[in-house]
Amino acid sequence: MEREPGMSPPVSSPSSTDEARTAGKRRPWGLITSLALLLLLFLAYTLEAFTLPWAAHNGYIGAGQFPRIIGCAGVILTALALVLSFRSGAKGEAGEAVPAERLRLGHPAVAITLASVLLVALLEVLGGLIAGVAFLCVCLTILNRGRPVTNGVIALGFMGLSYVLMHTLLNAPWPTGVLGI
Amino acid sequence: MESLSLLWDGMQTAVTPTNLVFLALGVLLGMVVGAVPGIGPSAGIAIVLPVTVGLDPVTGIIMLAAVYYGAMYGGTITSVLVNVPGDAGSVVSTFDGHPLARMGRAGPALVMAAAGSFIAGTVGVILIALTARPLSAMASRLGPPEIFLIIISALLAIVVVLGRHKLLGLICVLVGFGIGTMGIDLTGQHRFTFGQPSLEGGIDLVVIVIGVFGVGEMLYSLYTGGSADGPSTRFSIRSRSFWPTRTDINESYGPIGRGSVLGFFTGVIPGAGATLASFLSYGLEKSVSKRPQDFGKGAMPGLVGPESANNAASAGAMVPLLTLGIPGSGTTAVLLVGFLMWGLQPGPLLMEQNPEFAWGLIASMYVGNVMLLLLNVFAIPVFANIARVPLTIMAPCVVLLCVFGTYAVHGSLMEVGLMLLFGLIGLAMRIYGFSPAALVIAIVVGALAEQAFRQTMIISRGDISIFWERSASLWVLGILAVGLVLLAVIVRRQRIRLAATLRTQSASAGGHVAPAPAGAGEAENDTTAPPTATGSYDVDHPFTQENR
């Protein structure tokens, strides 16, 4: 296939690239969704910016000047990017920026994300030490399967070191939880 | 000459057994503190400050200063090895430092970063000795108009790191500017705080940086099924792969020299700081490089230049502190507390009334840099072997470190939640071709630029001619104009050279090489996609097709 100037070679293997190109219309839905969300955010930002004063009481630059400029520019550019994304799909070009490995519940990235959310929720209840050990045990069980002893040692060792370093030696803020550790 | 003899006297003050012990302790502690995400130099100094109460003032300030530049290097270690910047000043080190580690070159990367930091620190100390007095006089004449103009030059760094997808890069810049407007502004107006007291100071940059670059990178590596096993090379001082090659060293002379000077003079400017210095240096190195397309993929100049600038800026930040009593950065503000604790008032009289204190401090910075270099040579193999830990074990540990590091900043669970949110945003940015680097630079530069511009308008009562009526502003404008012209010439020459190189390669490969992308030689800091089998970062992305 002839390449237009500026067109980058695909990252995927030749067979999957041909598959993508012969598949017909295929829009980059992930990118489109991201841009749509961004557009909504910029719209909300701009609306809020217009509630701020353009000029201060003494006539100088007000709190709203820069945000309004930023918001309007953001809305315009994001809308443009959204339109271009739709058009790229209409031309039948390949989709996502990276050949997406479909995310499923057991996917490592998803597992760590969900575990992290749980960690934050329980951090100030269980305390950093216990919550951290539990987090590592769960994540390592999923990511490093079949090595429970190794995983346990890593979890306890890493959290122990972190606790001593940050809480004891550096006296940095540390979530102690209801047990006070 | 008088300054050099004073420096020699200061050296004799610094090099005593007691001072050397506390210097070593400070450097070691600083490295450990700097390596922990969220605990940067300022927090490190604040933590150690109470320990120094009972010490002799000279010994105490030597130890605190050692923590300062030890922490600067500590942040580099995690930036290179696990792509988690220890603090905002280490963000740029992730652009090329971590790709080097992924290529199995963590040892050379850390050694060159240490060497660059040492040389820059040495240059900084010499420049302090020679230029402290005239520089302080000049710095005192720099006001918001000049600071605004200098910050504008940092916007050039944004252009350089926009990446291949310029439109998406610009959107990231606007998002960064928007985030920078959050909080209470100059007039006391609440902007985008949504009634939350915790947002009155805006979102802490460290939280964003740890999220986007730390957690975001780990999630992205897992998403793309990144290498489950680390590099197989074991690092040892005796191993050849531990040491930089001749090419690494030859490529680094220029970046270290430029970074040292640029970083020092940037650090002198109050409010500029090591973060700005490192961004400026990266932009400069990429612009003058013969191979700008290598930046973002493990280019040694992309690491050593900013590292040198970072360290030199920490030396430069001492100038306004010692000579004017004005802390040039958050870290030097904490150092100022140390001065006051010992009953010393930094300012024009400090160097005259307490020369052994001031020059002892300056001399200790050189000794501390030597110590840092020696410690690192032996410690780097230990650190570099961390890069061999498989991703399946490294990822959850790094995420956990980011969580506790963020919590250590203000003890705020909300900030931890924000950090994770930015981690997911960082993941999405990498998947869809946005530029995390442009986002972070824009947050820093946008907030500073707005503040400086508004202060300028207040001073001038809304009259924009202040920019060319003040002599200091005219000087800065002149330097900027010369810099812009030089940059345009250099970039144009790079484009021509790159296009010629690609034509030659295409001819010799029988026409099977991809054509030069539009804007070739201009900018590409695409940290958004993994390397392909051909070693290219290019992906089939809707926005890579420039001719629409």
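Reply: Patches are made of residues with over 30% relative accessible area and no salt bridge, where like charges are joined within 9 Å and nonpolar side chains (Val, Leu, Ile, Met, Phe, Trp, Tyr) within 5 Å. Accessible areas come from the Shrake-Rupley method with a 1.4 Å probe, and for residues only the protein chains shown count as cover. The model is predicted: local features need pLDDT of at least 70 and side-chain atom pairs pLDDT 80 or more, while totals for chains, interfaces and linings use all residues. Residues are numbered from 1 along each chain as its sequence is written, chains are lettered from A and ligands numbered from 1 in the order in which they are written, and side-chain values use heavy atoms, leaving out hydrogens and water.

On the surface, L118(A), L122(A), V125(A), L126(A), I130(A), V178(A) and L179(A) form a nonpolar patch with about 620 Å² of accessible area together. Helix α4 (residues 108–126) of chain A gives the most to this patch, four residues; L118(A) has its place in that helix. Helices (H or I, at least four residues) are DSSP runs, numbered from the N terminus.

The axes of α4(A) and α9(B) come within 7 Å and cross at roughly 145 degrees. Such axes are lines fitted to C-alpha atoms, for helices over the stretch in contact, with angles from 0 to 180 degrees between N-to-C directions. From α4(A), P108(A), A109(A), I112(A) and T113(A) make the contact with L219(B), L222(B) and Y223(B) of α9(B), contact meaning heavy atoms within 4.5 Å. By class, this contact has six nonpolar, one polar and no charged residues; Ala, Val, Leu, Ile, Met, Phe, Trp, Tyr, Cys and Pro count as nonpolar, Asp, Glu, Lys and Arg as charged, and the others, Gly among them, as polar.

A salt bridge is a side-chain nitrogen of Lys or Arg within 4 Å of a carboxyl oxygen of Asp or Glu.

Notes:
Helices (H or I, at least four residues) and strands (E, at least two) are DSSP runs, numbered from the N terminus.
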